[in-house]
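Subject: Structure handover

Hello,

I am passing on the structure we spoke about. Please look it over first; my notes on what was found follow below.

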Amino acid sequence: MRVEIADTEQMEAFGRRLGAVLRAGDLVLLTGPLGAGKTTLTRGIGEGLGIRGPVQSPTFVLARTHPSLVGGAPLVHVDAYRLRDALELDDLDLDFDGSVVVAEWAAGLVDESHPAWLEVVIERRTGADAGTTADELDLEADEPRTLTLRGPLLERVQEDAAETSE
C-alpha cells in the first residue's frame with residue numbers, strides 16, 4: 001500500500017488514523033532518511049492512541065514509554081539507530097505484548113515472525129532529487145512524502161482506510 005502525504009499536518013493525521021487501529025502487541029517499524037517524518041508520524045500515532053506526550057525523538061535514551069490517558073495500550077517509542085542487532089533491541093526488555101511499539105530506524109532489527117507488525121517506509125526528496133547539495137537540503141522542509149506500508153497489520157489499516165473514505 002502506498003500513501004501520498006502532502007505535508008506535516010497530513011503526516012500527523014495519518015498517524016492519528018493509524019494509532020486509532022493499533023492495539024497492544026502491535027509493532028510498527030519506521031524506515032526513512034533523516035528528516036523523513038518518522039517522529040512526526042509517531043506523534044500522530046500517539047495522539048490516535050490517546051497517550052500522554054509529548055512524543056519526541058528518543059535518540060539519546062533509545063526508548064520512551066508513554067502511558068495511555070484513555071485506558072488503552074501505552075506507546076513505546078524506540079530509536080534503534082545506535083543498535084547493532086536484534087539482540088541489543090531485545091536487551092531493552094520492551095513490553096512488546098502489552099504495548100504498541102513504534103521503532104524508528106528498525107529495518108532488519110526485528111524478527112518479522114512477530115505476529116502483528118507493520119513496516120512504514122517513508123520516502124522524501126533528497127538533495128540529488130532536488131538538484132541541491134547535502135549542505136543545501138532543508139531537513140525541516142514541509143514537503144511531500146510517500147509512505148509504503150507492508151506487513152500483517154496492513155489488512156487492518158486498509159480496512160480502516162476504506163471505512164474512513166466512505
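Of the elements of the protein, helix 2 (residues 38–49) has the highest mean pLDDT, 97, and helix 4 (residues 127–130) has the lowest, 49. Please keep in mind that this is a predicted model. Across the protein the pLDDT averages 86, and 86% of the residues score at least 70.

Next, the aromatic residues. The structure holds 1 aromatic pair. Its members are Y81 and W105, arranged edge-to-face, with 65° between the planes and 5.0 Å from centre to centre. Y81 belongs to the loop between strand 4 (75–79) and helix 3 (86–91), while W105 belongs to the loop between strand 5 (100–104) and strand 6 (117–124). The pair therefore ties together parts that are 24 residues apart in sequence.

The two partners can also be described by their accessibility. Y81 has a relative accessible area of 57% and is exposed; W105, with 27%, is partly exposed.

The last item is R156. This residue lies in helix 5, which covers residues 154–165. Is R156 buried or exposed? Its relative accessible area is 18%, and the cut-off for buried is under 20%, so R156 counts as buried. Leaving aside residues up to four places away in sequence, R156 touches V21, L22, R23 and D26.

Regards

Technical notes: Residues numbered from 1 in each chain as written. Predicted model: local features only at pLDDT ≥ 70, side-chain atom pairs only at ≥ 80, totals over all residues. Heavy atoms only, no water. Helix = DSSP H or I, 4+ residues; strand = E, 2+ residues; numbered from the N terminus. Buried < 20%, exposed > 50% of the residue type's maximum accessible area, 1.4 Å probe, protein only. Contact = heavy atoms within 4.5 Å. Phe/Tyr/Trp six-rings, centres within 6.5 Å; stacked < 30°, edge-to-face > 60°. pLDDT = per-residue confidence, 0-100.
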